[in-house]
Amino acid sequence: MNRPFNFGAGPAALPQEVLAQAAGEMLDWHGSGMSVMEMGHRGAEFGTIYAQVQTDLRELLAVPEHFKILFMQGGGQAENAIVPLNLSRGTSADFVLTGIWSQRSQLEARKYCSVNIAASGESSGYTTLPESAGWQLSRDASYVHICSNETIHGVEYHELPDLKALGSDAPLVVDFSSNVASRPLDWSRVGLAFGGAQKNLGPAGLTLVIVREDLLDRALAVCPSAFNYKLVADNQSMFNTPPTYAIYIAGLVFAWLKRQGGIAAMAARNQAKAALLYQTLDSSQLYFNQVAKNCRSRMNVPFFLRDESLNDAFLAGARARGLLQLKGHKLVGGMRASIYNAMPVEGVQALVAYLREFEKTHG
Ligand code: PMP
């Protein structure tokens, strides 16, 4: 089956093999007579699925033993509250603002603690990352929050900051919603990482939290029990009913990632895909991307047409060629190509061919 290439930012394309396998197992998972959707989360069948998902994810992302992997609900924006409820002790936290998602995170955190903006890329229109050497980190922050990939502005940290080297002992909190599993991650620099699954891991409804064990037991008394990291960890993510079907699909994605060669192989492929797309944009007279080269996202590539009156024609032509969901986020306009793990290089090649063709006829 020839499906179109889906460049949506999330919920995003899943590997076709994964969808086909899920379809085949929909009515009867492995002879159990049940769909995964119909299984009790504490039963033996789901237990088998869950154990494999934990093992595969830990192996794929090389998560050290002193981190817990939690499967929660609520999505990235719920974590903007859940993180300060668990980590802030009601004191203060540092935020580095690099786009809309880190902005939203700090706004939400203000309900639970005081917020220090350590640095902001706002004056550049969020087209650059503030140099970490210039961050104004506070002495007593309960944590430092960054967004490792700004899905809307297309700005990505190619290396996580080393807070110790910057003189801070605070744990680093990373919103990795839109670049989790796209590249290896240096856990020695991380206290907690969180992300919604709906871009690189699986369907919406599952939230991944990976947290260092020493950070588990500092929640505020008002923290809802279902969002208390220690309770969730002590109950193997089954304090409440977890999003079982989404966990199962994520498990199929993890098995697919292993078959692709793991995260290092995905990172190389993602780098090549992004390079092809950025080179095409940079060498064009019609399109442009505004993000500084040292922090361009390998996952979300926003771009603009110099003549914006061509936008509708561009999108219509793309749709006609099976290139879907290229319209940019309404807050920034223009176009955006999201090229997560599940986007094959052939999809980027098809987009590049269309970009050139459209420029030839309209440039
Ligand atoms: N953080 C980032 C980086 C995101 O891209 C998104 C969603 N696009 C969110 C947080 C919010 O996620 P959710 O919609 O799951 O709350």
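Me: Is leucine 331 buried or exposed?
Reply: The model is a predicted one. Exposed means over 50% relative accessible area. Leucine 331 has a relative accessibility of 51%, so the residue counts as exposed.

Me: Where is leucine 331 placed, and which residues is it in contact with, leaving aside neighbours within four places in sequence?
Reply: Leucine 331 is in the loop between β13 (323-324) and β14 (335-338). Its C-alpha atom is separated by 17 Å from that of asparagine 149, a residue 182 residues apart from it along the chain. With neighbours within four places in sequence left aside, the residues in contact with leucine 331 are Ile100 and Arg104.

Me: Is tyrosine 126 buried or exposed?
Reply: Tyrosine 126 sits in the loop between β4 (114-120) and β5 (144-147). Although not a glycine, tyrosine 126 has a positive phi of about 55 degrees. Its relative accessible area is 8%, and buried means under 20%, so tyrosine 126 is buried.

Me: Which peptide bond is joined in cis to proline 11?
Reply: Proline 11 belongs to the loop between β1 (5-6) and α1 (16-24). Omega is about -5 degrees for the cis peptide bond, and the residue joined to proline 11 by it is glycine 10.

Me: How are α2 and α6 oriented to each other?
Reply: Two packed helices are described by the angle between their axes and the distance between the axes. Helix α2 (residues 44-60) and helix α6 (residues 244-259) have axes 9 Å apart and pack at an angle of about 45 degrees. Their crossing is left-handed. Angles under 35 degrees count as roughly parallel and 65 to 115 as roughly perpendicular, so α2 and α6 are oblique to each other.

Me: How do the residues of the contact of α2 with α6 divide by class?
Reply: On the α2 side, the contact includes Phe46, Ile49, Tyr50 and Val53. On the α6 side, Ile247, Tyr248, Phe254 and Leu257 are among them. The residues of this contact divide into 10 nonpolar, 2 polar and 3 charged.

Me: Which element gives the largest share of the largest nonpolar core?
Reply: The largest nonpolar core has 55 residues, and those with the most contacts inside it are Phe71, Leu208, Ile210, Tyr248 and Leu257. Beyond residues up to four places away in sequence, tyrosine 248 touches Gln21, Ala22, Glu25, Trp29, Val36 and Ile49. A second, separate core has 26 residues, including Ala274 and Tyr287.

Me: How are α7 and α9 oriented to each other?
Reply: The axes of helix α7 (residues 262-282) and helix α9 (residues 345-362) come within 9 Å. Among the residues that meet are Leu276, Leu277 and Leu281 in α7 and Val348, Leu351 and Leu355 in α9. By class, this contact has 8 nonpolar, 2 polar and 2 charged residues. The axes cross at roughly 5 degrees, and angles under 35 degrees count as roughly parallel, so α7 and α9 are roughly parallel.

Methods
Residues are numbered from 1 along each chain as its sequence is written. This is a predicted model: local features need pLDDT of at least 70, side-chain atom pairs count only at pLDDT 80 or more; totals for chains, interfaces and linings use all residues. Side-chain values use heavy atoms; hydrogens and water are left out. Axes are lines fitted to C-alpha atoms, for helices over the stretch in contact, and angles run from 0 to 180 degrees between N-to-C directions. Helices (H or I, at least four residues) and strands (E, at least two) are DSSP runs, numbered from the N terminus. Angles under 35 degrees count as roughly parallel, over 145 as roughly antiparallel, 65 to 115 as roughly perpendicular and the rest as oblique. A crossing is left-handed if the near helix is turned anticlockwise from the far one by less than a right angle, and right-handed if clockwise. Contact means heavy atoms within 4.5 Å. Ala, Val, Leu, Ile, Met, Phe, Trp, Tyr, Cys and Pro count as nonpolar, Asp, Glu, Lys and Arg as charged, and the others, Gly among them, as polar. A nonpolar core is a set of buried Ala, Val, Leu, Ile, Met, Phe, Trp, Tyr and Cys residues joined through side-chain atoms within 4.5 Å. Buried means under 20% relative accessible area, exposed over 50%, partly exposed in between (1.4 Å probe, protein chains only).
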